[in-house]
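Work through the following exercises with the coordinates open. Each task is followed by a solution in steps.

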Amino acid sequence: MADTVMHPQRPPHPVLRTDLSPEGRGARGLDLASAPPLPGGRGRRAAPGEGAFRRSPRLNLPNLATYALLILGAGIMLLPFAWMLSTSLKTRGATFVTPPQWIPDPVTFDNYGKVFDSAPVGQFLFNSLFVSLTSTALMVLFCAMSGYAFARIEFRGRTVLFYAYLATLMIPQQVTLTPLFIIMNWLGWTNTYQALILPSSFGAFGTFLLRQFFLRLPREIEEAAFIDGAGYIRIVFTIAIHLARPALATLAVFAFMASWNSFLWPLIITTDTSMMTLPLGLSALQGRWTTDWNVLMAGTVIATVPIIAVYVFAQRFIIKGLSHTGLK
Amino acid sequence: MSPAAPRQKYLALAVLLGPSLAGMFVFLMLPVASSLVLSFSNWDLIGEIQWIGLDNYVAALGDPVVLGALRNTLTYILGYLPATVGIALGLALLLNRRIRGRVVFRAIYFVPVVTSWVAVSLIWKWLLNPQYGLVNVALGWFGIKGPGWLFDPQWAMTGVILTSIWKDIGFVTVIYLAGLQDIPEHLYEAAALDGVTGWQRFWHITFPMLVPTTFFVTTISLISSFQVFDQVWVMTQGGPAGATSVMVELIYKNAFSYYRMGYASAISWVLFALIFAVTIAQHVLQKRVDRSDG
Amino acid sequence: MLRRTFTGLLLATALVTPALAEDVTIKYFTFSAAPNYLKELDATIAAFEAEHPGIKVEYETAGWDAYFTKLQTVVAARQAPDAFELNYENFVTYADKGALADLTPLIAADTGFSTDVYNPTALAAFAQDGKQFGLVESFSNVVLFYNKDLFDKAGVAYPTADWTWTEELEAAQKLTDPANGVWGDFAPIQFWEFYKTIAQNGGSILSPDKKTVTIDSPQNIETLTWMIDKVNKYKVTPSDVDMAGQSSEDLFKAGKIAMLRTGIWLLGDFAANAPFKWDIALEPGKTQKAHHFFANGVAVSATSAHPAEAYQWIKFLTSSRAAVDLRIAAGWELPAVSDAAAVQGYLDQPIPESREVVFQALDTAVVPPVIGNWNQLTDAVGKELEAAKLGQKTPEQALKDAKVAIEALL
């Protein structure tokens with residue numbers, strides 16, 4: 001690790017991206033975002049292209065087999081969601097019948113009504129959206145700035161600081177919750193939006209991701225700006241952030257996802273129903289004695305649809321972010 | 001980098017790194033450091049703190065329950081990791097072909113990645129229901145009587161692993177896709193001139209070129225697998241008969257059910273040491289491969 | 001810090017201007033109200049606030065699973081709510097650790113109020129070393145529910161108070177109807193059911209002084225064998241796989257279980273949702289009768305700034321007629337009050353017929369042998385019982401191993 005830090009022009013070593021945040025503070029999924037600066041490099045970079053195969057698509061045997069496999073796999077990926085949707089539209093009685101019904105008969109929307117009756121779902125939805133959007137914006141901003149600083153500014157203790165960032169990813173969140181709560185309480189922030197937002201606005205993962213991204217950027221552009229008298233700060237906000245847009249978008253999706261799905265921290269820090277988020281509402285649908293699967297699945301649909309919508313909207317950027325096209 | 005005046009450099013550091021460092025310090029490093037401090041105590045969260053030195057560590061290393069959880073965690077990793085990486089690699093190869101609709105396919109395979117673990121676990125708990133679940137119903141079409149899955153200690157971990165593979169495959173696939181796009185076209189062109197195709201092409205070009213990517217996904221998956229928790233908690237709570245009890249589940253129980261925050265913190269730092277060791281080992285291995293690679 | 005100073009200033013201002021004395025707000029934390037009894041809780045609070053101008057109650061609810069995680073964290077940060085609910089087992093832990101305010105002086109100073117309003121056994125559960133650390137809010141127990149229609153169809157006589165396990169098994173065998181997926185009998189094989197069932201055979205987990213572990217006694221082995229045999233040998237009870245994630249309560253409601261040992265907290269649900277005739281009876285025992293006794297209490301935090309007001313609230317919540325009536329009407333557990341007239345409304349409800357069984361069962365109540373490491377004990381024993389249930393260990397071996405595990409916790 002140290003040698004990479006000393007010679008930032010060398011393509012980053014993959015192990016640096018073991019920075020990775022497991023669930024706890026942010027979602028394993030965040031890792032995806034680290035793909036842009038993937039190794040490969042070593043000066044043998046591909047011409048930006050469509051991949052290894054240049055033939056035009058034809059319906060030959062291998063292609064048919066490919067389609068068959070892909071469609072089968074896609075089915076496996078989507079069936080559980082179809083099942084979730086189907087169950088959410090069933091009556092309680094129809095939930096447990098053999099063989100299981102694919103198309104609910106009768107179709108009922110009562111389960112959604114029950115979810116909305118059980119809690120102020122509208123308020124939860126607003127809280128979840130507000131908290132996730134704000135923390136995502138902050139995360140992207142802070143990580144872009146700090147990532148650039150780690151990539152381009154040499155200073156004493158940089159390596160040590162790296163390790164300190166890294167360590168925060170390797171300790172399960174379960175044992176840091178209570179200390180964090182005590183800190184928040186000391187700040188007088190329990191039951192506030194800032195307490196929900198700020199802990200998911202920082203993360204070693206995003207910083208590393210963007211640091212890796214900046215390390216791969218050729219320095220020529222910045223050199224020119226330096227000659228023009230621009231400082232680091234101006235370069236970050238005028239050039240670097242612009243160039244890093246795909247990587248920022250990728251980070252944004254995962255930051256949003258992590259915040260949206262976060263459960264333990266909101267559970268502990270909110271005491272007022274008006275401050276609670278969707279996952280808390282979802283957990284309250286599981287009774288101590290019995291679980292109404294159909295109602296629970298309706299709640300799951302409500303909690304899942306927004307995140308899938310965000311992804312579908314942003315996926316264009318993710319693929320770009322992953323395809324090293326930031327400099328095209 | 002162009003030499004900047006020291007003053008400008010420190011100003012830039014303060015502005016660019018300052019906010020991140022402040023936030024990281026207060027919200028992450030301080031709690032992490034606290035857990036280290038607490039690991040030397042027997043704090044029950046409710047009463048006063050007493051310092052007991054290394055007792056928690058000594059107890060943890062000799063605790064059969066901890067060792068059992070460690071064994072289950074390793075079982076999980078062994079079942080999950082090779083399958084996920086293997087399937088994802090195959091999928092990436094398929095999705096890297098120039099076929100119609102591959103953007104749609106990529107999107108579909110990625111949907112489970114963005115769905116919350118709680119939702120995924122709930123859905124799969126339902127799918128793996130021995131009688132009414134889709135999985136056993138589908139097995140029934142082929143005349144196979146499905147197992148009791150989460151109710152059967154022999155199969156519960158398999159159920160958890162299947163669920164995890166399903167959720168994470170899209171993520172690993174996308175990383176492989178990025179790696180595949182990094183392979184220079186001219187290598188394949190040269191190979192084609194030599195008459196190398198199909199399986200040989202994969203074995204002699206694609207696979208070696210993907211080694212760094214493979215190292216990468218293996219390491220990050222290892223780190224997160226060591227901390228597997230959400231799916232276990234929702235699906236089995238460690239059961240049946242402790243068959244899916246994993247490290248973080250044990251940590252959670254000790255912290256919040258047994259009133260043993262100190263012990264939970266100590267187990268966490270044992271886990272930290274393991275993860276750290278594996279990461280370093282991976283780093284060393286990668287270096288060696290790099291070197292032999294030329 | 002700044003904030004604290006600011007609060008201090010506010011407080012000082014409040015002190016010098018008594019005319020503007022602010023309402024005291026009590027924070028109350030509950031699991032039993034969520035998610036089904038929030039309306040009743042709101043009504044109880046409204047009645048309390050009407051009776052006690054100057055005291056406001058704010059409440060927070062959490063599901064059972066999340067409740068204690070959260071309670072511990074706020075207690076750890078010295079931010080406990082003024083009053084909170086505790087089940088009996090967790091009460092022991094919190095009282096042991098000094099987290100609860102001693103209510104004895106408040107009760108003594110409360111002229112015109114006597115703890116005689118509570119069921120004495122239930123109230124005593126929330127006292128330690130002669131100090132009252134909580135007031136009992138409600139109790140519940142477990143009885144034998146049975147589906148009369150299935151009994152009639154199979155031509156079996158209804159359970160009576162003098163049934164033993166023998167009669168129960170005979171009936172269960174006649175009632176079991178694999179073709180229609182009907183099971184004769186159900187009792188879960190887990191820790192809670194176990195400590196009660198062994199009591200029905202004269203066994204126990206710990207000696208009365210809680211110093212000796214008695215879990216591996218011959219009659220306990222016999223009891224566990226019987227519990228497991230109902231599943232594996234006699235096949236009158238469904239296994240986990242047979243149940244496929246449905247709760248026994250769901251199966252009972254679907255008419256698939258003829259006899260079910262479960263809690264009276266389900267009376268309301270079954271009365272509303274079971275489309276057949278059913279009733280309750282005392283549980284059969286082997287050598288003696290034994291019934292669960294679960295109690296929820298409400299305690300005042302040791303760190304509350306308003307213990308007197310918090311006490312007023314929990315007293316109202318647990319014993320006022322208004323609260324008791326709301327509870328009974330909603331079937332929100334059973335208030336642990338001694339006044340027979342107060343619970344008459346409970347007995348008067350038409351379904352099921354034999355509601356008096358709930359009170360009869362109290363005569364043979366067994367309380368769990370709570371020790372300091374209670375949750376560890378229940379998990380450790382639970383794991384062994386599960387191993388026996390799954391056939392990984394013989395009942396004898398499982399209980400021997402459980403003994404070793406418990407001894408490590410004492």
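**Exercise 1.** State the strand order of the open four-stranded sheet in chain C and find its edge strands.

Solution. The model is a predicted one. Step one: the open sheet of chain C has four strands in the order β8-β9-β7-β10, and its pairing is mixed. Step two: β8 (183-186) and β10 (278-281) of chain C each pair on one side only, which makes them the edge strands. Step three: ignoring direction, neighbouring strands of this sheet are turned by 25° against each other on average.

**Exercise 2.** Describe how β8(C) is joined to strand β9 of chain C, and identify the helix that packs on the sheet.

Solution. Step one: β8(C) and β9 (residues 257-263) of chain C run parallel and are joined by three bridges.

**Exercise 3.** Decide how far strand β1 of chain C is enclosed, and list pairings of β1(C).

Solution. Step one: β1 (residues 24-30) of chain C has seven residues, five of them buried, so the strand is largely enclosed by the rest of the structure. Step two: β1(C) pairs with β2 (residues 55-61) of chain C in the parallel sense over seven bridges, and C:T25 stands opposite C:K56 in β2(C). Step three: β1(C) also pairs in the parallel sense with β3 (residues 83-87) of chain C, over two bridges. Here C:F29 stands opposite C:F84 in β3(C).

**Exercise 4.** Classify the packing of α3(B) against α7(B).

Solution. Step one: the axes of α3 (residues 64-95) and α7 (residues 156-181) of chain B come within 7 Å and cross at roughly 40°. Step two: α3(B) is therefore oblique to α7(B). Step three: the crossing is right-handed. Step four: the residues of this contact comprise 19 nonpolar, seven polar and one charged.

**Exercise 5.** Characterise the contact between chains C and B.

Solution. Step one: chain C contributes 22 residues and chain B contributes 20 residues. Step two: on the side of chain C that touches chain B, at least two residues come from each of α3 (64-76), α4 (88-96), α11 (240-243) and α18 (374-389) of chain C. Step three: that side of chain C has nine nonpolar, nine polar and four charged residues.

Note on methods: Residues numbered from 1 in each chain as written. Chains lettered and ligands numbered in written order. Predicted model: local features only at pLDDT ≥ 70, side-chain atom pairs only at ≥ 80, totals over all residues. Contact = placed C-beta atoms within 7 Å. Nonpolar A, V, L, I, M, F, W, Y, C, P; charged D, E, K, R; others polar. Axes fitted to C-alpha atoms, helices over the stretch in contact; angles between N-to-C directions. Parallel < 35°, antiparallel > 145°, perpendicular 65-115°, else oblique. Left-handed = near helix turned anticlockwise from the far one by under 90°. Buried ≥ 20, exposed ≤ 12 C-beta atoms within 10 Å, placed from the backbone. Pairing = 2+ DSSP bridges.
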